Amino acid sequence: MSRLSVELEPEAAAQRETANAAGANPTKHENELKRGLSSRHLQMIAIGGAIGTGLFVASGGTISQAGPGGALVAYALVGLMVFLLMQSLGEMAAKIPVAGSFQTFATRFVSPSFGFAIGWNYWFNWAITVAAELVAAGIIMDFWLPGVPGWIWAGIFLVVLTGLNALSARSFGESEFWLSLVKVSAVVLFLIAGVLMIVGIFGENSLGLSNWQNREDVFHGGWVSIISVFMIAGFSFQGTELVGVAAGEAKNPRREVPRAIRNVFWRIMIFYIGAIFIIGCLIPFADPSLLASGEADVAASPFTLVFERAGIAFAASLMNAVILTAILSAGNSGLYASTRMLYSMAHDGKAPKIFGRTNSRGVPIPALLATAAVGLFGFLSAIVGQGAAYAWLLNVSGLCGFIVWAGIAISHYRFRRGFLAQGNKVSDLPYRASFFPIGPLLAFAVLILVIAGQNYEAVVAGRGMEVLSSYIGLPIFLGLWLVHRLVTKSRVVPLLEMDLAAPQDVEDEIASKV
């Protein structure tokens, strides 16, 4: 069946597929995912999703732009927004733990067309991110083996990541656990070394807190710079929502998803806030080395600089290895998330049905291969000289992440209203978002500002092509939404008609304990 014919499927058929995917048919066991992710897998998937090159490399640029105090304020505000979003996601994912997560929630609680647009945006976002990480991996390997073409490493890593994802959900979770553990260990080591340097135990000529004494330096550029860094910080935190996708294959989602969300937020905030504070103490904001922002700048990474000043001679090689781990982790998670999203959309009638098939281990192989093919095309197009087109794809995918976050806020607001309208009580929820309705409403408002302010400098300066490149993801999302709505005549789901059913295996487990 062609993709077009699937998209033109009547709304009733799409809803029937949704019910089947949710487990409404207890006799349907083929083409289903298997719950192989344990608690430690979920914890590391959520932590690892937010720790990457945004922290290891780009954090120095945020300090250079807004000063250490401005960077701290920006990351703290973004962290608060992410905390509210993760609470919203946790409430829905604990009640209805499905692999489709965001698109399933958007379909059930807003409209099928909204879910269609959210799902394809999320799939595209991570599929292109996989391609970007493959290109970055080739750049990183050039640090050690400059004579080997980057495309060779990119191809090798694509085969390895695809192989890990093809084995089982558990193999993905296990590989992500160890990859994320390397990143977390590097951050912990950095925090310890940084504190010892600040108090004068490591290194020479400790600056202490002297870099925080001049207010103009601490908040360089004022609120304008803080707002600019706010946008960058938002990209750094993208990936924390992966726990929502992983909920569909968690062994005990109603217990483990809330636990992961509660624990992960504070750990991530400590890592980011602690790292920025230490960098601000040890490296003056005007140091030109902080302007490094790409994977090729590993020698100028603030982490590398601090480790070198602590007397670690192999700091650059150490951080190069850590950054390579971060890149492979992002590619691994991206391949998993986009594969599960494509699988979920196929079951909901929003993608060709072939992508809803799984092997005997519960892995959606057709969806995995299709996503890997996009990664292959992406890094090849970048290598053969289509740099401009590839940069546009990255800009489109970057904005998609914020659009999905906004979709989570909208879906949660309507979910809670529908849950209560159908006679349920808040106490019946396995996990409750503490700040409803302020939480999703505030997060949505902040996200609208983030989306609108993506590249306000280009708007003010009248740089038309740059503006189009930065914002093109928004009209694409709206176009998907509106075209699907015109074709299928879908409508907003009434509160009393919302499907609140969880997958059958989860319901059976709960019933067996009663």
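The model is predicted, so local features need pLDDT of at least 70 and side-chain atom pairs count only at pLDDT 80 or more, while totals for chains, interfaces and linings use all residues. Residues are numbered from 1 along each chain as its sequence is written, and side-chain values use heavy atoms, with hydrogens and water left out.

Let's begin with a helix. Helices here are DSSP runs of H or I with at least four residues, numbered from the N terminus. Find H13, which covers residues 253–282. This helix has 30 residues and reaches 42 Å from its first C-alpha to its last, close to the 44 Å expected at 1.5 Å a residue. That expected span is 1.5 Å times one less than the number of residues. Is H13 mostly enclosed or mostly open? Of its 30 residues, 21 are buried, so H13 is largely enclosed by the rest of the structure. Buried means under 20% relative accessible area, exposed means over 50%, and partly exposed lies in between, using a 1.4 Å probe and protein chains only.

Now for the cysteines. Cys281 has 0% relative accessibility and is buried, and Cys400 is buried too, at 2%. The structure holds zero disulfides, a disulfide being a pair of cysteine sulfur atoms within 2.5 Å. In general, a disulfide is a covalent bond between the sulfur atoms of two cysteines.

Aromatic rings come next. Rings of Phe, Tyr and Trp (its six-membered ring) pair if their centres lie within 6.5 Å; planes under 30 degrees apart count as stacked, over 60 as edge-to-face and the rest as tilted. How many aromatic pairs does the structure hold? There are 21 of them. One is formed by Phe172 and Tyr336, which are stacked because their ring centres are 4.0 Å apart and their planes are at 0 degrees. This pair links distant parts of the chain, since Phe172 belongs to helix H9 (residues 169–198) and Tyr336 to helix H15 (residues 315–347), 164 residues apart. Phe172 is buried at 1% relative accessibility, and Tyr336 is buried at 2%.

Another pair joins Trp212 and Phe277, whose centres are 5.3 Å apart with planes at 35 degrees, so this pair is tilted. Trp212 sits in the loop between H9 and helix H10 (215–218) and Phe277 in H13, so the pair ties together parts 65 residues apart in sequence. Trp212 is partly exposed at 22%, and Phe277 is partly exposed at 34%. Elsewhere, ring pairs link Phe105, Phe109, Phe415 and Phe419 into a cluster.

Rings can also have a charge over them, which here requires NZ of Lys or CZ of Arg within 6 Å of the ring centre and within 35 degrees of the ring normal. Arg40 lies over the face of Phe177, 4.6 Å from the ring centre. The charged end of Arg416 sits over the ring of Phe436, 4.5 Å from its centre.

Finally, look at two loops. Glu32 lies between helix H2 (11–22) and helix H3 (39–50) and is partly exposed, at 29%. Which residues does Glu32 contact, leaving aside neighbours within four places in sequence? They are Tyr343, Thr358 and Gly362, where contact means heavy atoms within 4.5 Å. The C-alpha atoms of Glu32 and Pro364 are separated by 8.5 Å, although these residues are 332 apart along the chain. Val57 lies in the loop between helix H4 (53–56) and helix H5 (59–95) and is buried at 1%. Its C-alpha is 7.6 Å from that of Phe303, 246 residues away along the chain.
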